[in-house]
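Reader: I'm new to reading protein models, and I'd like to go through one slowly. Could you show it to me and take my questions as they come?

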Amino acid sequence: MIARKAVLFRLYPTPGQEAQMAQTAGACRFVYNLALEQRRDWWRQYKAATGQNITYAGQCRELTTLRAEVNWLKAAPVHTLQQALKDLDRAYQNFFAGRAAYPTPRKRGVNDSFRFPDPTSLRVERTGRSSGRIKRPKFGWIRLRGWCALPGDIRNITLSRRAGPWFAAVQCEREVAEPAPSTLPDVGIDMGVAVFAALSDGTSIAPANHGQKALRALRKAQRVLARKKRGSANRRQAVRRVARIQQRVANARKDFLHTRSTAIAKNHDMVVMEALSVRNMSASAKGSVEKPGRNVRQKAGLNRAILNQGWGRFRVVLAYKLADRGGRLVEVPAAYTSQTCSVCGCVDAANRQSQATFVCVRCGHTANADTNTAINILRRADSALKPVEGHRVKRPGEAGTRRRAA
């Protein structure tokens, strides 16, 4: 089978190369936003005049005419501009398929990136023990640090700027044999905030809370930024400081997730997790002017703690690491897993007496609440789910119960 992986390198361009890269990123951003405006605001007029819808191929033909009229667009590599149009076309496909929201314009400092898709014009070489260089059309050789061997043939290279420095993501492709079926044990995982992950074998992973640790410095930097005059050099410097703090938090969280996911993938075959909707769980509670929400500050703190864990990224990296080793990741419904007794199957809200303690009201089984939940999650991958609402114990006053009139 064909396996694709990307390697990320930190670039050290010269001042001239950095200015050229910034100009190329700006050109790609301009083309993307212009094409988005055409699809969003002018598609009716375009279809009335030509009888066709706006497509990627049609916008590429118009791009050729535009580059002939605008010199600074002509200075950017044409393949990078075409890739910006392809990104927009993919964004619309994801929107119409229900996988993403409607495309939005790209912003300077947030979407500074561009991609080279032609592998014949791309080269990556090693020049020292931990250094190398990379060559792209119209840029020449650019130095890089943190060398590691490429895991296959180069397919494309994406340059992006993150909180100041430039990085190159080199995507490689190679033919690998199908992984042999794993004989390691299965495990269920319960994701949480107080405990990052509780495994069904009794082990648990403590949360790192990188965002909480940097919250004080981030708030101070954001207050300084709020006092700066828009368009000033001091404001740009304050923006870079906020971006650096957020980038350090993101890097620390990424390292934590990769370390923990690698340990789990090496020691288990099938990993079962809850299918959590992080977007819904972290929705704001402030409501509207007519119907204001309740406990808004408490909900905001909970949302911050949920997003700080990185559940979505953990699920993604764990899935491909298991697949590389012959394992698999299974997602199951999360309803009532924390209220179900792993011994007798009793489903009752009173079973969960506290955050850490589970005591079954029917059989008296006592266990760690997160471990009990992880066991239930693991069992849901192998057996048909019972209609939980049908046998769940309901108590007077709960939703769905009826009170007889006196």
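Author: Helices here are DSSP runs of H or I with at least four residues, strands are runs of E with at least two, and both are numbered from the N terminus. This is a predicted model, where local features need pLDDT of at least 70 and side-chain atom pairs count only at pLDDT 80 or more, while totals for chains, interfaces and linings use all residues. Residues are numbered from 1 along each chain as its sequence is written, and side-chain values use heavy atoms, leaving out hydrogens and water.

Reader: What box do the C-alpha atoms of the chain fill?

Author: Taken along the principal axes, that box is roughly 80 × 55 × 50 Å. Of the 406 residues in the chain, 36% are buried. Buried means under 20% relative accessible area, exposed means over 50%, and partly exposed is in between, using a 1.4 Å probe and protein chains only. As for contacts, meaning heavy atoms within 4.5 Å, take the ones between residues at least 6 apart in sequence: 63% of them join residues at least 24 apart.

Reader: Now helices. How are two packed helices described?

Author: By the angle between their axes and the distance between the axes. The axes are lines fitted to C-alpha atoms, for helices over the stretch in contact, and angles run from 0 to 180 degrees between N-to-C directions.

Reader: Which residues make the contact between α1 and α5?

Author: From α1, they include A27, V31 and L36, and from α5, they include L81, L85 and L88. Sorted by class, this contact has 12 nonpolar, 2 polar and 4 charged residues. Nonpolar covers Ala, Val, Leu, Ile, Met, Phe, Trp, Tyr, Cys and Pro; charged covers Asp, Glu, Lys and Arg; the others, Gly among them, are polar.

Reader: What about α3 and α5?

Author: The axes of helix α3 (residues 56-69) and α5 come within 10 Å and cross at roughly 145°. This crossing is right-handed. Among the residues in contact are Y56, C60 and L63 of α3, along with V78, L81 and L85 of α5. The class count for α3 with α5 is 7 nonpolar, 2 polar and 3 charged residues.

Reader: And how do α7 and α8 pack?

Author: Helix α7 (residues 215-226) and helix α8 (residues 233-267) have axes 9 Å apart, at an angle of about 165°. They are therefore roughly antiparallel to each other. Their crossing is left-handed. Residues that meet here include A217, L218 and A221 in α7 and A238, V239 and V242 in α8.

Reader: Let's zoom in on single residues. Where does E331 lie?

Author: E331 lies in strand β12 (residues 328-332), and it is partly exposed, at 41% relative accessible area. Leaving aside neighbours within four places in sequence, E331 touches M273, A275 and R315. With R315 there is a polar contact of 2.8 Å between the side chains. A polar contact is a pair of N or O atoms within 3.5 Å; within protein, one must be able to donate a hydrogen and the other to accept it, and residues adjacent in sequence count only if both atoms are side-chain atoms.

Reader: Is T340 buried or exposed?

Author: T340 counts as buried, at 14% relative accessibility. You'll find T340 in the loop between β12 and β13 (357-359). Setting aside neighbours within four places in sequence, its contacts include G345, F358 and N376.

Technical notes: A crossing is left-handed if the near helix is turned anticlockwise from the far one by less than a right angle, and right-handed if clockwise. Angles under 35 degrees count as roughly parallel, over 145 as roughly antiparallel, 65 to 115 as roughly perpendicular and the rest as oblique.
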